[in-house]
Amino acid sequence: GDGASVPVLVIGTGYGGAVAALRLAQAGVPVEMVEMGMSWDTPGSDGRIFPKVTSPDHRAYWLRTRTKAPVSNFFGFPIDKDVPRFTGVLDAEEFAGITVYQGRGVGGGSLVNGGMAVTPKRERFGSILPSVDAAEMYDTYYPRANAALGVGSIDPVWFETAPCYQYARVGRKHAQRSGFAWTFVPDIYDWDYMKAEQAGTVTRSALDGQVMYGNDAGKKSLVRTYLSQALATGRVNITPLHRVTTVSPAPGGGYVVRMEQINTAGDVVATKNVTAGKVFFAAGSVGTSKLLVKLKATGSLPLLNSEVGKGWGDNGNVMCGRANHMWDATGTLQSTIPCSGIDNWAAGGAFAEVAPLPTGIETYASLYLSITNTSKRAEFSWNAAANRVDLSWQTAWKQDSITMAKTIFDKINSKEGTIYRTDLFGVYKQWQDGLTYHPLGGAVLNKATDNYGRLQGYPGLYVIDGALIPGNTTVNPFVTITALAERNIERIVAADL
Ligand code: FDA
């Protein structure tokens with residue numbers, strides 16, 4: 001409550017925050033977690049906690065009055081619609097040149113993501129986090145993260161016949177016919193639960209269009225892994241619907257953390273000050289960067305160094321669809337959980353996941369989210385006139401990513417005699433070049449912080465989320481965010497407590 005004093009406060013309940021809370025609590029330290037989103041534990045009048053991808057309602061979006069679906073059109077017709085303003089689970093945060101999708105609520109991005117849990121190829125690790133010892137990561141911290149997250153693999157025999165993965169089998173066929181390496185991708189979804197969904201013996205979730213606006217069952221979000229373990233220690237408390245606005249040094253030592261309590265319409269209903277000995281910034285790449293840039297510019301934390309706000313990237317995300325022939329139907333029932341990808345990283349700088357399009361009708365479309373090796377990086381800066389943080393990313397910068405993704409899909413199209421879909425992202429638009437699901441960087445490790453996430457200039461302040469990673473992980477990022485947090489918190493527990 002207002003005026004309280006705590007040893008450790010963690011801002012945000014995504015991957016970085018959850019790892020910090022669990023490991024600190026296991027070391028005997030009481031931890032307060034502050035989360036601006038809701039705790040998603042109560043079903044609505046329809047019996048569901050979350051809506052389906054095809055029928056977003058107030059629960060879908062963070063304080064928007066209109067949906068902003070990544071696949072925005074269908075046969076050229078816009079599908080976005082008005083929704084009541086509510087503290088929904090997916091934030092489509094709009095900067096001038098890019099929309100950044102992020103999870104909001106206890107569990108952060110783990111509530112809305114596809115659960116694809118990919119450890120990067122070891123030979124690529126040096127380009128991802130050059131100041132980190134790869135041997136330590138691959139021997140200790142990646143295995144620790146994978147185990148704690150509950151990462152598992154699809155049963156390859158079941159895959160061959162499951163109707164819900166016809167789209168992935170079509171994706172494999174087309175990749176292999178063009179000579180590309182196609183691989184299964186691990187996931188934190190409970191694969192046995194999905195088998196039961198396909199068999200019709202449990203309530204469907206992945207097979208009922210749930211993913212981007214949350215998942216009612218089967219998904220092992222952080223709520224079921226790190227956060228439940230953290231709460232079980234009895235030393236962790238989570239306060240939802242509280243948004244941290246300021247962190248500044250307290251006169252007697254430690255830091256004053258100022259926060260706003262909001263209601264589900266987003267109105268501020270109270271402001272509170274808490275004093276904390278240590279503060280962990282785990283508000284996500286964008287959340288942490290925005291806070292730090294504002295606090296440096298407005299005089300709360302003036303000693304933060306000039307690397308704060310820099311090194312931000314989109315993980316090279318770009319989406320496209322292909323129009324298949326009638327004999328390559330992708331199926332009316334599609335699991336929302338992707339299970340496979342096409343690896344053309346070495347030759348063309350692109351890793352593409354074969355993505356679902358769970359509309360419930362046959363679309364003959366193959367959808368792909370590519371992660372590409374773009375070198376474009378943007379910077380956050382304080383806009384005093386508008387009282388907000390801006391991001392310098394430009395939409396045109398996605399051209400690099402499109403070029404790399406085309407090394408896969410131009411070849412497949414030419415081999416199959418097919419074309420790009422032009423009706424999914426607008427009217428006559430082949431590429432979704434306006435978004436990222438994978439924001440990374442803004443408080444880069446060993447630059448804005450030391451090599452363990454300690455913020456320069458302020459003992460007791462740490463960054464422990466995706467903001468540490470300089471813009472690209474070559475694959476989907478949350479396993480790397482989790483493993484890096486495991487590495488850093490182990491050092492912090494040993495050296496700083
Ligand atoms: P994360 O964003 O998880 O958590 C930050 C938390 O802090 C949020 O809960 C936020 O509400 C809170 N917060 C922010 N500002 C605050 C403030 N001022 N005060 C209080 N709280 C605040 N990755 C992957 O590896 N595999 C995948 O399949 C996918 N798929 C995918 C799909 C979609 C639709 C999205 C949006 C994202 C993915 N991702 C993904 C990305 C992945 O989810 C993402 O990289 C991680 O969640 C980032 O973890 P962090 O710990 O950095 O922050």
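Predicted model: local features only at pLDDT ≥ 70, side-chain atom pairs only at ≥ 80, totals over all residues.
**View 1. The shell around the ligand.** The ligand is surrounded by 38 residues, of which the closest are Gly12, Gly14, Gly108, Gly109 and Gly287; a residue is near a molecule if its C-beta atom, placed from the backbone, lies within 6 Å of it. Two or more residues of the shell around the ligand come from each of helix 1 (15-26), strand 6, strand 9 (242-249), helix 8 and helix 11 (478-496), where helices (H or I, at least four residues) and strands (E, at least two) are DSSP runs, numbered from the N terminus. By class, the shell has 16 nonpolar, 18 polar and four charged residues, with Ala, Val, Leu, Ile, Met, Phe, Trp, Tyr, Cys and Pro counted as nonpolar, Asp, Glu, Lys and Arg as charged, and the others, Gly among them, as polar.

**View 2. Helix 8, residues 284-297.** The 14 residues of helix 8 should span 20 Å at 1.5 Å a residue, and the end C-alpha atoms are 20 Å apart, which agrees; the expected span is 1.5 Å times one less than the number of residues. Helix 8 is mostly covered, with 13 of its 14 residues buried, a residue being buried if 20 or more other C-beta atoms lie within 10 Å of its own, exposed if 12 or fewer, and partly exposed in between, with C-beta atoms placed from the backbone. After helix 8 comes Gly299, whose phi is positive, near 95°.

**View 3. Strand 6 and its two partners.** Strand 6 (residues 99-103) is mostly covered, since four of its five residues are buried. Strand 5 (residues 90-94) pairs with strand 6 in the antiparallel sense over five bridges, two strands being paired if DSSP finds at least two bridges between them, and the bridge partner of Glu93 in strand 6 is Val100. With strand 20 (residues 435-436), strand 6 pairs in the parallel sense over two bridges, and here Thr99 has Leu435 as its bridge partner in strand 20.

View 4. Strand 11 (residues 268-281) pairs with strand 1 (residues 5-11) in the parallel sense over six bridges, and Ser5 has Thr275 in strand 11 as its bridge partner. Strand 10 (residues 255-262) and strand 11 pair in the antiparallel sense over eight bridges, with Arg258 opposite Asn273 in strand 11. The hairpin of strand 10 and strand 11 has five residues between the strands, and in this hairpin Gly266 takes a positive phi near 90°. Strand 21 (residues 461-463) pairs with strand 11 in the parallel sense over three bridges, the bridge partner of Phe280 in strand 21 being Tyr462.

**View 5. The kinked helix 10, residues 399-416.** At 1.5 Å a residue, the 18 residues of helix 10 should span 26 Å, and its end C-alpha atoms are 24 Å apart, which agrees. A kink of about 45° is centred on Lys406, the bend at a residue being the angle between axes fitted to the seven residues ending there and the seven starting there. The buried residues of helix 10 are Ser401, Met404, Ala405, Ile408, Phe409 and Ile412. An α-helix has 3.6 residues a turn, so residues three or four places apart point the same way.

View 6. Leu241, in the loop between strand 8 (236-239) and strand 9, has a phi near 55°, a positive value in a residue other than glycine, and is buried because 20 other C-beta atoms lie within 10 Å. Tyr364, in the loop between strand 14 (350-355) and strand 15 (365-372), also has a positive phi near 55°, but counts as partly exposed because it has 18 C-beta neighbours inside 10 Å. Val475 lies in the loop between strand 21 and helix 11 and is buried, with 24 other C-beta atoms within 10 Å. The C-alpha atoms of Val475 and Ala350, 125 residues apart along the chain, are separated by 9.3 Å.

Notes: Residues numbered from 1 in each chain as written.
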